[in-house]
Amino acid sequence: MTHVLLFYKYTPLSSDPSIMAIYQKAMQDLCSTLKLTGRVLLGISDNAEGINGTLAGDDEKNILAYTYAMLGREWCSNNDTNDVLLLTTKNDECLSTVADEATVTRRKAVCDFWVQSREFAENAGIPIVTMDSPSDFKRSFRDDTDKGNSGLFPDLQIRLVKEVIGTGGVLSSIAIQDTSKGYLTPEEWHEEMKKIKDEIMSSNTADLTCSDTVLIDCRNHKEFEIGHFEHALDPNTKTFEQFPRWVRENKSALKGKKILMYCTGGIRCEKASAFVRNELEDDLGTTVVKHLKGGIHKYLERYGANGYWKGKNFVFDRRLGVDANDHVKGQDDCVSTSIKSVGKCLYCAKPHDNFTPDAVSTVCREMTLVCAECKLGLHGEFHCSDHQHLKNCYFTNLSRFDEKDLSSQLHELESIVEKIAVGKRFRSRRRTINKQIDRVAEAIKQLQDGERPKVCNDDIICRSCGDTKCDGSCWGVHGLKRKYLLEKSHRERPARNDIYKRSAKIQRREKDINEIKTLRLSRPCSEFRCAETSLRCPPPFVRQLKSLVKGKCVGKSVQSVLQSEFHELGDTERLQLLFEHSLIRVNGIPVNSEAALFKGVDANRALSQDVLLKNMDVISRITHWHDPPVIVPAMIEVRKMKIPVEVLNDNIGSCDDILESNEAFLFCCNKPATVPVHPAGPYLQNSLTLMVEAQEGLEPRSLFPCHRLDRCTSGLTLCCTSPAVARLVQVQMDSKLVDKMYLARVQGKFPTNQEDMERIQKEFLNSVTWSMSGKNVNIEAPIAIENVMKGLRIVNEHGKNAKSMFRCLDYDDNSDTSLIYASPITGRQHQLRVHLRAIGFPIHNDLLYGGKTVCGEVEKMKSNALDALALSSRKDFSSENVLDGITEDSIDAAKKVCLVCQGKPEEAFSVSQLLCGGHSIDLHAVACRIKFKSKRGRDISSTDQTDIVGTLDCRLDQYPDWVKIFDCGCLDQIFLSGVS
């Protein structure tokens with residue numbers, strides 16, 4: 001007879017794996033000496049886990065010795081254990097004369113375990129770990145007559161785990177003190193079952209639908225299938241980590257109820273009941289949560305088949321299902337009622353409750369209930385309840401099918417994957433079916449090429465190990481064959497293709513590159529530029545914009561989300577127009593309420609605009625895309641500055657491969673005002689990076705900006721072709737090792753001496769601190785955000801500290817403007833613009849911060865911009881280059897509702913985007929010096945110059961036109977001294 005021991009205890013252990021290894025070895029030595037097999041899980045935690053084990057052995061005395069070892073030395077001293085350990089015999093020499101060798105071995109193993117347990121407890125700083133009483137162990141038995149020599153477990157595993165009952169971390173936050181509550185003894189549980197039966201009989205109902213009591217089976221669906229308490233509720237979970245989600249989904253129905261819960265041995269109910277209490281804590285006055293102490297095992301030990309249990313108890317060893325009386329020793333003498341099967345064959349629905357290792361799902365290896373008669377015609381291929389929809393098209397052994405059968409399978413698989421083609425939640429399902437599609441397609445190709453099948457049609461392949469001679473005993477805990485095969489496969493597996501390692505960010509970048517190349521969007525600034533006005537306005541095209549539904553948008557209607565999250569869709573009338581033309585889609589399905597209402601069997605699919613969004617849904621919009629016009633020169637000034645070799649060697653490592661490539665250079669680009677640095681908002685073709693890439697012969701999206709510059713600001717913009725170099729420059733900026741120099745044209749006469757500065761200072765009694773050093777005016781004033789939507793910032797005493805330095809270079813009487821040199825000491829957004837406004841010298845043309853513009857120029861520029869947009873619309877090449885998924889009907893519909901094409905560009909773009917003011921300010925970044933600190937000595941707070949391994953001076957030769965009205969003869973000397 002094989003004796004099986006099931007036990008658990010939630011108790012503090014240790015969160016230090018090295019300390020846990022002491023207890024792991026002690027447990028391994030004890031079980032090995034006692035010749036026990038099975039699994040013991042030890043939780044690496046000092047407040048939430050404990051021990052969970054199932055062990056089996058042929059010798060009952062060895063099983064008892066293990067229980068005594070776990071009960072501890074103190075318990076054994078107060079109880080009789082002489083039948084197993086002879087602990088009353090103190091002298092080892094005397095022991096050898098009165099006990100056999102097996103008893104001596106058992107005693108030594110137990111005593112050694114106690115010594116190591118004490119060592120573990122001292123290192124962990126906890127009491128010695130013991131079980132509380134013999135009743136904490138659940139026992140069952142197997143009569144080995146005609147069972148062969150196969151053990152219930154293939155080996156012994158003592159494992160350190162994060163959770164002693166796997167929940168995927170969902171219930172790991174439940175502390176030990178939250179468990180051990182709401183116990184019902186087997187006798188009390190029996191009385192509750194009797195009350196439920198009496199209540200149902202008196203109410204003439206078939207279940208507990210109208211009752212205040214809810215009986216919940218906390219186990220998985222396959223366990224419930226072959227046995228359960230009468231009238232129990234099945235949450236239909238595959239894994240225990242799904243149970244909390246089921247509770248949350250049914251929270252309102254559980255409130256105010258008397259909740260009774262049970263599981264196999266009680267360990268799952270400990271945390272499950274604690275979780276339910278936490279979820280219903282506001283209703284605990286009316287909600288009662290109880291669970292069966294010791295689980296089904298303890299109940300069947302007490303009542304066997306004479307209680308309210310129906311069917312078999314699922315166990316996690318080779319038996320799989322155990323009759324009720326197998327939990328009672330001497331069950332042959334037990335008087336019991338007949339045991340009725342509650343399980344049913346998945347295919348013929350006849351009574352069947354025997355799980356067998358060879359009957360696992362061909363899709364997911366989940367065990368299935370299949371009777372012997374049905375097995376004969378299924379060729380060893382079974383499908384669980386979750387995958388019954390694949391029973392005609394998903395098979396492991398494809399060699400028994402002809403080309404016609406395989407083509408039918410392929411068609412059905414493709415139709416299934418089409419329905420789940422969108423959404424992150426279907427990702428695993430899509431991957432599984434797509435792999436099968438590839439296998440079927442390959443099998444069809446082999447048949448067409450005349451290749452012979454690799455496996456004979458009459459052979460049945462084991463789903464787990466792939467052996468035609470396997471009886472299925474390799475599965476899971478029943479054997480180690482599959483484990484060894486997986487380990488071998490892992491060792492022999494080639495390196496994964498890079499496509500599986502790509503991050504979502506990289507995939508988005510590759511998608512952008514494909515769009516740019518397909519639509520030919522990367523072109524030099526000279527193309528689509530008007531020589532007379534210097535305006536560049538490329539032709540429009542049709543594109544599809546996509547966004548994932550997450551967080552706050554889940555559970556809301558499509559219309560409400562679009563209006564609240566996308567300001568350009570805030571107009572209800574315009575949004576309705578997009579719906580009517582099916583330009584808004586969810587998961588690829590058009591959102592059109594009228595079409596959804598009247599759709600027939602043969603009509604196109606459509607969704608209502610009131611449909612509620614789910615997590616990871618994809619909202620897409622097809623739009624006719626116009627870039628706003630920008631002012632650009634015939635060619636953008638670009639200077640390539642080589643990064644010092646010592647800098648690359650110190651910060652990036654061996655750089656032999658990049659020294660001769662573009663990656664060793666910084667691209668110093670003279671960004672025109674009105675042009676954004678990179679694609680953003682309505683700008684795509686008219687962005688600096690796309691135009692420079694085309695001009696310099698670089699691949700699309702290969703130029704990385706090292707910093708940002710406002711769209712309305714012109715001048716030096718540093719870019720590179722290596723992400724590592726971009727990060728290197730950004731680190732120097734964060735470490736305040738980059739000195740930036742600007743030219744600005746400001747209103748009024750800027751102070752050049754102490755007297756002028758003090759006079760102006762009296763006029764501006766605010767939070768600004770002034771100081772003068774030589775000809776430099778130093779300004780210190782904190783900056784805070786005033787308007788998030790406009791990006792407006794102000795000087796405010798509650799803002800972040802900001803320092804700037806200014807110097808007057810020249811003054812023009814005719815325009816009453818000054819040319820100044822400016823350098824931000826700190827790096828707040830809009831810092832120079834805010835500081836100059838605060839001291840009464842706003843930047844010319846900077847309408848956001850109090851600047852003025854020349855009368856008449858705004859109206860002329862607006863007229864030119866509108867003309868450029870109208871002209872570009874006539875060059876539309878939407879039909880020439882089209883992205884996948886966009887049809888001719890979609891293109892026509894997008895053009896029809898396009899605001900620019902309708903002659904309403906003012907509704908499509910902002911004032912600054914139409915060059916009507918604020919689009920270009922007289923602020924120009926002209927030079928910067930980068931100090932590269934060694935990787936070893938890099939520290940933001942460090943000012944030690946000995947760690948500098950190299951410097952790089954970056955500057956431009958061309959100045960904007962507004963600089964030419966001043967005396968510019970000394971600019972070169974000024975900036976050479978400014979960077980020194």
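The model is predicted, so local features need pLDDT of at least 70 and side-chain atom pairs count only at pLDDT 80 or more, while totals for chains, interfaces and linings use all residues. Residues are numbered from 1 along each chain as its sequence is written, and side-chain values use heavy atoms, with hydrogens and water left out.

Q: What is the order of the strands in the open sheet of four strands?
A: Strands (E, at least two residues) and helices (H or I, at least four) are DSSP runs numbered from the N terminus. Two strands pair if DSSP finds at least two bridges between them. In this open sheet the pairing is antiparallel, and the order is 15-18-16-17.

Q: Which residue in strand 17 stands opposite Arg585?
A: Strand 16 (residues 584-586) and strand 17 run antiparallel and are joined by two bridges. The residue opposite Arg585 is Pro590.

Q: At about what angle does helix 26 run to strand 18?
A: Axes are lines fitted to C-alpha atoms, for helices over the stretch in contact (heavy atoms within 4.5 Å). Angles run from 0 to 180 degrees between N-to-C directions. Helix 26 (residues 888-896) lies across strand 15, strand 16 and strand 18 (618-625), and its angle to strand 18 is about 70°.

Q: How many salt bridges does the count come to?
A: A salt bridge is a side-chain nitrogen of Lys or Arg within 4 Å of a carboxyl oxygen of Asp or Glu. By this rule the count is 31.

Q: Is Lys9 buried or exposed?
A: Lys9 forms a salt bridge with Asp132, with the closest N and O atoms 3.0 Å apart. The pair links strand 1 (residues 2-10) to the loop between helix 5 (101-124) and strand 4 (138-142), 123 residues apart. Buried means under 20% relative accessible area, exposed over 50%, and partly exposed in between (1.4 Å probe, protein chains only). Asp132 is exposed at 56%, whereas Lys9, at 19%, is buried.

Q: Which side chain meets Arg701 in a salt bridge?
A: Arg701 is partly exposed, with a relative accessible area of 26%. The N to O distance in the salt bridge is 2.8 Å, and the partner is Asp512.
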